[in-house]
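This report goes through a few local features one by one. Please keep the sequence and the structure in view while reading.

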Amino acid sequence: MTKPGILVTRAVFPDLLERLSHYFEIESNQEDRIFSEQELAQKMRDKDGVYTTPSERVSAQTIAACPKLKAICNMAVGYNNIDLDAATKAGIMVTNTPDVLNETTADFGWALLMATARRITESEHWLRAGKWEKWRYDVFLGADVHGTTLGIIGMGRIGQAIARRSTGFGMQVIYHNRSRLSEDLERAANHARYVGKEDLLRNADHVILVLPYSAASHHTIAAAELALMKPTATLVNIARGGIVDDVALIAALRSGKIAAAGLDVFENEPKLHPDFLTLSNVVLTPHIASASEPTRRAMANTAANNLIAALTGGRPANLLNPECGAAKA
Ligand code: DGY
C-alpha cells in the first residue's frame, strides 16, 4: 500500500523526519528555502497532508489548488497563517500545538519584560562598545518591576502563566480578555482583576500582549492606545505582529509617550520596520518566545502526532475545526 504523501514546508529536527517517514512519503525542505505562495501551492497540490510553521501563509487560493489535501498541521499555537474557514469548507483538518509551550513562552515574556524595564540589552551594547569608563549614579536608570502593576491583554493559558510568575515580584495584576476568567482562575493568576482595555492601559506600569491575532485584534495597540499609557510604562509583545501598529509604536518610543518596548514579533517579520533599529529604548528578539530546546521539540512532536492521527484515520488531539468533517461528508 502506498503511503500518504506529505509536504514538510520548512527545516525540522532530522529525527522528526525519520519518524514521519514511517508513515508518509515526504517531500521536505531541509534546505529551508522560503516558498512563495505559488510555489507552496504547487508543492502541496498532490499531497494528503502538510506540516507547516507560522511563516507559511496557507491562503484560500492555496487550499483551493489542493484537491487531495486532508490535513494542515501547524507547528505553533497561533494559526493565523492558515485560512481556517477555507480549510473547513474544503473539509480539511487544521491543527495547532497548544499547551506544550505555555510555560516556556511565559518565561520569555518575563525575560523580555525584565530586559526592557531594566535596559539590559541597551546597557550591554554600550558596554561592548567600550563606553564604560566609570560608575555613575544615573547610568541606565530603568523602571522597577517589583511592586508595580502588570497589565496583561489576552488572558489565555500563557497570560495566566505570566500572571502566576508575578507573585514573587509582589505585583498587582490587571487583565483584559474577550471574557472574564472564573474566580478560581483569577485567584490562581495572582488574584488578577478584570478591567476594560482603556482602564488597563491607563493604570498598568508594564503591559504585556498575549492575545491571538485575528482581524478583530489587528492593531489592538495603535496611536490612541499608546496615548493612554503612562510615559514611564513599558510594552511587551510576545503575541503576533499586527497586534501592535509598529509605525505608531515607533513614534511613541521616539517621542517618549511610553518609556520602552520589548518585541518578539513584528508586522511583516522578518522584515521589521528599519526605524526600530535606530531606537535604543526597544529590545528586539526574532520570534523566539517558545524557543527552548525541549519546547520546540514538544511542539514539533505535537504537530507530527496530529498529522499522523489525521492521515491514519484518527482524530488529531488538537483539531481546530471538528466541523470540517461535515463539509467532507
Ligand atoms: C506560536 O506557537 O504561535 C509561536 O508564535 C511560534 O513560535
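## An aromatic pair

Trp126 is partly exposed, at 25% relative accessibility. Buried stands for under 20% relative accessible area, exposed for over 50%, and partly exposed for what lies in between, with a 1.4 Å probe and protein chains only. Phe140 is also partly exposed, and its relative accessible area is 21%.

This is a predicted model, in which local features need pLDDT of at least 70, side-chain atom pairs count only at pLDDT 80 or more, and totals for chains, interfaces and linings use all residues. Residues are numbered from 1 along each chain as its sequence is written, and side-chain values use heavy atoms, leaving out hydrogens and water.

Rings of Phe, Tyr and Trp (its six-membered ring) pair if their centres lie within 6.5 Å; planes under 30 degrees apart count as stacked, over 60 as edge-to-face and the rest as tilted. The count by this rule is 5 aromatic pairs. One of them joins Trp126 and Phe140 edge-to-face, with 5.2 Å centre to centre and 80° between the planes. Trp126 belongs to helix H6 (residues 120-128) and Phe140 to the loop between H6 and strand S6 (149-153), so the pair ties together parts that are 14 residues apart in sequence. Helices (H or I, at least four residues) and strands (E, at least two) are DSSP runs, numbered from the N terminus.

Strands pair if DSSP finds at least two bridges between them. S10 pairs in the parallel sense with strand S9 (residues 206-209) over 4 bridges, and 4 bridges also join S10 to the parallel strand S11 (residues 260-263). Asn237 stands opposite Leu209 and opposite Leu263 in S11.

S9, helix H10 (residues 223-228) and S10 form a right-handed β-α-β unit; S10, helix H11 (residues 246-255) and S11 form a right-handed one as well. Right-handed means that, with the strands pointing away from the viewer, the path from the first strand over the helix to the second runs clockwise.

## Around the ligand

Residues around the ligand (a heavy atom within 4 Å) include Pro54, Leu101, Arg240 and Met299. Val77, Gly78 and His287 are also among them.

Polar contacts are pairs of N or O atoms within 3.5 Å. A backbone N or O atom of Val77 is 2.7 Å from a ligand oxygen atom, and a polar backbone atom of Gly78 is 2.9 Å from an oxygen atom of the ligand. From His287, a polar side-chain atom lies 2.7 Å from an oxygen atom of the ligand.

Key
Polar contact = N/O pair within 3.5 Å; in protein donor to acceptor, adjacent residues only side chain to side chain.
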